[in-house]
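Dear colleague,

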Amino acid sequence: DNSVFSKMKLMYNVGMIAQNVYLTCTSYGLGNVVVGAFEDAKVVSLLGVSRSFFPVYIIPIGLTPSFVN
C-alpha cells in the first residue's frame, strides 16, 4: 500500500525506534546522534543491501567522556 497514510505511519514508527535506540544508549552512558541527511544511494551501496531498501536514519554510537572515566 503506497498511500500517504501508510508512509506517515512508517515514518512515525521509524522515529519511535530511533527514540528507543537513543534512550537505550543514553541509559548505558553512550553518546549518539540521529543523522537524517545523507546520500541514500551511497549508503545502500556501502552497506551492500538491495536497492529496494532505503535508509532513513544513520545513528552513530560512541563512548562519552563520562563513560571512559
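**Findings**

Lys42 is exposed, with a relative accessible area of 55%; exposed means over 50%, buried under 20% and partly exposed in between, with a 1.4 Å probe and protein chains only. The model is predicted, so local features need pLDDT of at least 70 and side-chain atom pairs count only at pLDDT 80 or more, while totals for chains, interfaces and linings use all residues. Residues are numbered from 1 along each chain as its sequence is written, and side-chain values use heavy atoms, with hydrogens and water left out.

The side chain of Lys42 meets that of Glu39 in a salt bridge, at 3.6 Å from N to O. The term denotes a side-chain nitrogen of Lys or Arg within 4 Å of a carboxyl oxygen of Asp or Glu, and the count by this rule is 1.

Phe54 is likewise exposed, at 52% relative accessible area. Its place is in the loop between α2 (40-47) and β2 (61-63); helices (H or I, at least four residues) and strands (E, at least two) are DSSP runs, numbered from the N terminus.

Thr64, in the loop between β2 and α3 (65-68), is buried, with a relative accessible area of 18%. Its side chain reaches the backbone oxygen of Gly29 at 2.9 Å. Apart from neighbours within four places in sequence, Thr64 is in contact (heavy atoms within 4.5 Å) with Gly29, Leu30 and Gly31.

Yours sincerely

Methods:
A polar contact is a pair of N or O atoms within 3.5 Å; within protein, one must be able to donate a hydrogen and the other to accept it, and residues adjacent in sequence count only if both atoms are side-chain atoms.
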